[in-house]
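Me: Could you walk me through how to read aromatic rings and buried residues in a protein model? I'd like the general idea, then the case at hand.

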Amino acid sequence: MPHRCPWADNDPMMRAYHDEEWGVPERDSRALWEKLMLDGFQAGLSWSIILRKRDAFRELFQGFDPDIVARFGEADIERLVVDPRIIRSRSKIVATIGNARAYLAMREAGEDFSDFVWDMAGGEPIIGDGVHVPTKTPLSEEMSKALKKRGFKFVGPVIVYAWMQAVGVVDDHLADCFRRHG
């Protein structure tokens, strides 16, 4: 059995997520946005809860298509806050709709979301030391500020750092983990 990061050892779904997704560099703008939205929903909860609800989130948020989500209105918010298949936080739902609009505003201004993210990170994954896994970094603080300046919500530096790890901007697999690239 391969050695992996301890957080993924006890749950088959978390193990599959660790082995197949976490830390894999994502360069698709829409997929990056979706994962940032899911990390926002995770705030205050465990990632395993979000992972178990991810398919329902994708269904209810129309595949996390920002063009569609940006048009959600009050009826959509009411529909989402009563659906037990997702996290029913009105503030997180409203933020996701606003974040779709912020994403579209970036695109309309000629700013590609993937380029924005990867340019801030220097273009390549940042390899952690394999021992210490911070909850935030100066880069996540900078990226959080840049996202907030563009109108994003639920993008504090801790959420942004967790997202950076998830989408492979940072490789924080432990030194003895078989998924570590550094």
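Reply: Happy to! Keep in mind that this is a predicted model.

Me: How is a pair of aromatic rings described?

Reply: By two things: how far apart the ring centres are, and the angle between the planes. Searching the whole structure here gives 14 aromatic pairs. One of them joins tyrosine 17 and tryptophan 47, with centres 5.5 Å apart and planes at 40°, so this pair counts as tilted, falling between the cut-offs of 30 and 60 degrees.

Me: Where in the chain do tyrosine 17 and tryptophan 47 sit?

Reply: Tyrosine 17 belongs to helix 1 (residues 12–20) and tryptophan 47 to helix 3 (residues 47–60), so the pair links distant parts of the chain, 30 residues apart. Both tyrosine 17 and tryptophan 47 are buried.

Me: Which residues do ring pairs link into a cluster?

Reply: Among them are Trp33, Phe41, Phe72, Tyr103 and Trp163. Phe72 also has a charged neighbour: the charged end of arginine 79 sits over its ring, 5.5 Å from the centre. Elsewhere, arginine 27 lies over the face of tryptophan 118, 3.8 Å from the ring centre.

Me: Why does alanine 100 count as buried?

Reply: Because its relative accessibility is 0%, and buried means under 20%. Alanine 100 is part of helix 6 (residues 90–108). Leaving aside residues up to four places away in sequence, alanine 100 touches Trp33, Pro66, Val69 and Ala70. Trp33 is also a member of the ring cluster.

Conventions:
Residues numbered from 1 in each chain as written. Predicted model: local features only at pLDDT ≥ 70, side-chain atom pairs only at ≥ 80, totals over all residues. Heavy atoms only, no water. Phe/Tyr/Trp six-rings, centres within 6.5 Å; stacked < 30°, edge-to-face > 60°. Helix = DSSP H or I, 4+ residues; strand = E, 2+ residues; numbered from the N terminus. Buried < 20%, exposed > 50% of the residue type's maximum accessible area, 1.4 Å probe, protein only. Lys NZ or Arg CZ within 6 Å of the ring centre and 35° of its normal. Contact = heavy atoms within 4.5 Å.
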